[in-house]
Amino acid sequence: MVQIQMNKEAVILIPCYNPDEEIMDSFIKELGKKYQNIVFVNDGCSKEHDAYFKKIEKKYPVIKHYKNYGKGRGIKNGLNYILNNYPDCKAIITADCDGQHSIQDITKVFKATLKKPNALILGTRNFDDENVPFKSRYGNKITRNVFKIFVGLTISDTQTGLRGMSRSVAEDMLTISGERYEYETNVLIACKTEEIPIVEVPIETIYIEENRTSHFNPIKDSIMIYKLFIKYIIVALSSFFIDILLFSLFLIAYDKIGVTKPIIIATITARILSSIYNYLINAKLVFKKMNKLSIIKYFLLVFIQMWVSAFSVSWICKLIPINPVPLKMIVDTFIFVVNFIIQREFIFNKKK
């Protein structure tokens, strides 16, 4: 009775790109004993795999891409197919084709999805295990820390391919940007902004032959994954240098004409101009949210931080004979991370 219920309510989605046929054969054989609804995405695999996928098509549907579009596109196309063709489906489970996910763990994620239909379920691995390859262990730890700082999410496995979602959550996943591995990162960020809970389910950590079948490129794909953070840092640094440059020029000009409290006045004028640039770029390229309320909140933040910076630099210069320009660079560097967190949580968060 339980078996019939699981077969009716679960659909397993497996994106594939040039898989190891022996590993995948074993995985499908075991998976098929537990689940009857399995959908594959042939993401532009080489012609050598055509015969293999024709064999799979005799029993399961296969969505074929003419060329390799990427895991993100494959997942979205697969979700769209499932939502259209499986009206009784209550849970969609995405799993990798490289043997990293056991049938037992897929079932754990499936059951958690039924219990938490409003959440995204993540099957999370333990990266302290001895069998985890070096690049996977430290790559995930770096990403985990970056997520905690820049996104405000504490997730133990940000790159897991074993994920569970209800129909309603899957519908939200269709509109998230990203074609390749960055899509899975964008999904987590979207869960934060859309207030979709993330539930972690511990799973077995499996790596076959140092994960040789993985097509993840540590350099190329990491750049795509960190794109949001890289964009923010570039915008922040450019705003920072514009602010420092204007501050230096205004300070020289105000000294020459004898303006009282030149450090404070130079800070104000430079910050007003650099903050306009920073807001417009962040609103359009990084956070992609701009409205009247965000403008008010942003410039209130600018006002507060401007005075914190101005009085800090002015006060320290009175205590210590030091050039105010490098001092301002040090003070504003400390403000950098705090500024991002406030913008992320309160300025450009449409739910606030």
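A residue is called buried when its relative accessible area is under 20%. In this predicted model, Cys317 has a relative accessible area of 18% and is therefore buried.

View 1. A disulfide is a covalent bond between the sulfur atoms of two cysteines.

**View 2. A nonpolar patch on the surface.** The patch is formed by Ile272, Leu273, Ile276, Leu280, Ile295 and Phe299. Together these residues have about 470 Å² of accessible area. Helices α11 (262–286) and α12 (292–319) each supply at least two residues of the patch. Helix α11 gives the most, with 4 residues.

**View 3. The tilted aromatic pair of Phe40 and Tyr60.** The count of aromatic pairs in the model comes to 8. In one of them, Phe40 and Tyr60 lie 5.9 Å apart, centre to centre, with 55° between the planes. The pair links distant parts of the chain, 20 residues apart. Phe40 belongs to strand β2 (residues 38–43), while Tyr60 is in the loop between α3 (50–57) and β3 (62–65). Both Phe40 and Tyr60 are buried.

**View 4. The stacked aromatic pair of Phe250 and Tyr254.** The ring centres of Phe250 and Tyr254 are 5.8 Å apart, and the angle between the planes is 10°. Both residues lie in helix α10 (residues 227–257), where they are 4 residues apart, about one turn of the helix. Phe250 is partly exposed, with a relative accessible area of 22%. Tyr254, at 13%, counts as buried.

**View 5. An aromatic cluster and two charges over rings.** Phe303, Trp307 and Phe311 form one aromatic cluster. Elsewhere, the charged end of Arg73 sits over the ring of Tyr69, at 4.3 Å from the ring centre. The charged end of Lys328 sits over the ring of Phe247, at 5.3 Å from the ring centre.

**View 6. The salt bridge between Lys76 and Glu179.** The model has a count of 13 salt bridges. In the one formed by Lys76 and Glu179, the closest N and O atoms are 3.7 Å apart. This pair links distant parts of the chain: Lys76 is in helix α4 (residues 71–85) and Glu179 in the loop between α7 (167–173) and α8 (182–193), 103 residues apart. Lys76 is buried, with a relative accessible area of 11%. Glu179 counts as partly exposed, at 28%.

**View 7. Arg271 in salt bridges with Asp243 and Asp332.** The side chains of Arg271 and Asp243 meet in a salt bridge of 3.2 Å, N to O. Arg271 lies in helix α11 and Asp243 in helix α10, so this bridge ties together parts that are 28 residues apart in sequence. Arg271 is buried at 11% relative accessible area, and Asp243 is buried at 3%. Arg271 also meets Asp332 in a salt bridge of 3.0 Å, N to O. Asp332 is in helix α13 (residues 324–347), 61 residues from Arg271. Asp332, like Arg271, is buried. Salt bridges that share partners join Asp243, Arg271, Lys328 and Asp332 into one network.

Note on methods:
Residues numbered from 1 in each chain as written. Predicted model: local features only at pLDDT ≥ 70, side-chain atom pairs only at ≥ 80, totals over all residues. Heavy atoms only, no water. Patch = residues over 30% accessible without salt bridge, like charges linked within 9 Å, V, L, I, M, F, W, Y side chains within 5 Å. Areas by Shrake-Rupley, 256 points an atom, 1.4 Å probe, with all protein chains shown as cover. Salt bridge = Lys/Arg side-chain N within 4 Å of Asp/Glu carboxyl O. Buried < 20%, exposed > 50% of the residue type's maximum accessible area, 1.4 Å probe, protein only. Phe/Tyr/Trp six-rings, centres within 6.5 Å; stacked < 30°, edge-to-face > 60°. Lys NZ or Arg CZ within 6 Å of the ring centre and 35° of its normal.
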